[in-house]
Amino acid sequence: MVKEIVDAMAMQRALTRITYEIIEKNKGINNLVIVGIKTRGVYIGNHIAERLQQLESAEIPVGQLDISSYRDDLNEITDKQPLDVNVDGKRVILVDDVLYTGRTIRAALDALMDNGRPAVVNLAVLVDRGHRELPIRADFVGKNIPTSAMERIQVNVEEIDGRDSVEIE
């Protein structure tokens with residue numbers, strides 16, 4: 001059974017709140033770069049960058065991070081993809097859709113460090129569902145959704161799924 005727990009309007013409000021928190025924590029947007037974890041993290045990162053541009057009247061670089069070759073649950077070795085933005089000395093906002101065990105973020109940090117040395121890395125996620133296996137926490141969270149390990153969270157974004165929402169199965 002699928003139940004929508006965040007509709008498009010609530011998702012927009014959560015992203016707007018994250019945007020304000022990013023500005024506040026970083027005391028503006030100087031030296032800021034957004035790096036979205038493929039696939040849905042990239043689209044969420046783009047939405048945050050658009051809001052930052054609306055609020056601060058400045059364009060923020062947005063990169064796409066492919067972590068497939070850094071995952072610890074895949075035996076298949078793939079070529080490492082370079083990051084398409086410079087992160088050296090930058091304040092990086094790493095963006096993903098759902099924070100669960102923390103293993104995706106661990107892989108993303110490894111991939112990020114292979115591409116440069118950021119000054120600071122903060123994590124923004126649309127949904128934190130708990131069940132951490134690694135000592136990782138998000139700095140910016142759109143919505144905390146406690147789940148059982150049997151449940152599944154699906155984030156839908158307009159660009160891929162035709163609508164913005166978060167569903168639980």
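Me: Which residues does Arg40 touch, not counting those up to four places away in sequence?
Reply: In this predicted model, Arg40 touches Asp97, Gln154, Val155, Asn156, Val157, Ile160 and Asp161. Arg40 itself sits in helix α2.

Me: What makes the pairing of the Arg40 and Asp161 side chains a polar contact?
Reply: The distance between them is 2.9 Å. The cut-off for a pair of N or O atoms is 3.5 Å, with one able to donate a hydrogen and the other to accept it. The Arg40–Asp161 side-chain pair therefore counts as a polar contact.

Me: Why is Ser165 called buried?
Reply: Its relative accessible area is 0%. Buried means under 20%, so Ser165 qualifies. Ser165 is found in strand β8. Leaving out residues up to four places away in sequence, Ser165 touches Glu4, Val6, Met11, Gln154, Val155 and Asn156.

Me: How do you know what span helix α3 should have?
Reply: Helix α3 covers residues 103-114, twelve residues in all. The expected span is 1.5 Å times one less than the number of residues.

Me: Why are the buried residues of α3 said to line one face of the helix?
Reply: The buried residues are Ile105, Ala107, Ala108, Ala111 and Leu112. Seen down the axis of α3, they fall within an arc of 160 degrees, so they line one face. In general, an α-helix has 3.6 residues a turn, so residues three or four places apart point the same way. The cover over the buried residues of α3 includes β2, β3, β4 and β5.

Me: What comes just after α3?
Reply: Gly116 does, with a positive phi of about 150 degrees. Ala119 lies in the loop between α3 and β5. Beyond its neighbours within four places in sequence, Ala119 is in contact with Gly89 and Lys90.

Me: Which residues touch the most other members of the largest nonpolar core?
Reply: Ile48, Leu126 and Val155 do, in a core of 28 residues. Helix α1, β2, α2, β4, β5, β7 and β8 each supply at least two residues. The largest share, six residues, comes from α1. Another core, of 22 residues, lies apart; Ile37, Leu94, Ala107 and Ile136 are among them.

Me: What is Leu126 in contact with, leaving aside its neighbours within four places in sequence?
Reply: The partners are Met11, Ala14, Leu15, Ile44, Asp96, Asp97, Gly142, Lys143, Val155 and Val166.

Me: Which residues of α1 are buried?
Reply: Met11, Ala14, Leu15, Ile18, Thr19, Ile22 and Ile23 are. Helix α1 runs over residues 8-25 and has 18 residues. Its first and last C-alpha atoms are 26 Å apart, close to the 26 Å expected.

Me: What is found at the start of α1?
Reply: A side-chain oxygen of Asp7 comes within 3.3 Å of the backbone nitrogen of Met9. After α1 comes Lys27, with a positive phi near 55 degrees.

Me: For which residues does UniProt list "PRPP-binding"?
Reply: The unreviewed UniProt entry lists residues 92-104 as a short sequence motif of that name. In the model, residues 92-104 are 15% helix and 62% strand. The end C-alpha atoms of this stretch are 17 Å apart.

Conventions:
Residues numbered from 1 in each chain as written. Predicted model: local features only at pLDDT ≥ 70, side-chain atom pairs only at ≥ 80, totals over all residues. Heavy atoms only, no water. Helix = DSSP H or I, 4+ residues; strand = E, 2+ residues; numbered from the N terminus. Buried < 20%, exposed > 50% of the residue type's maximum accessible area, 1.4 Å probe, protein only. Core = buried A, V, L, I, M, F, W, Y, C linked by side-chain atoms within 4.5 Å. Contact = heavy atoms within 4.5 Å. UniProt positions renumbered as here; feature names shortened; annotations may be inferred. Arc of directions from axis to C-beta.
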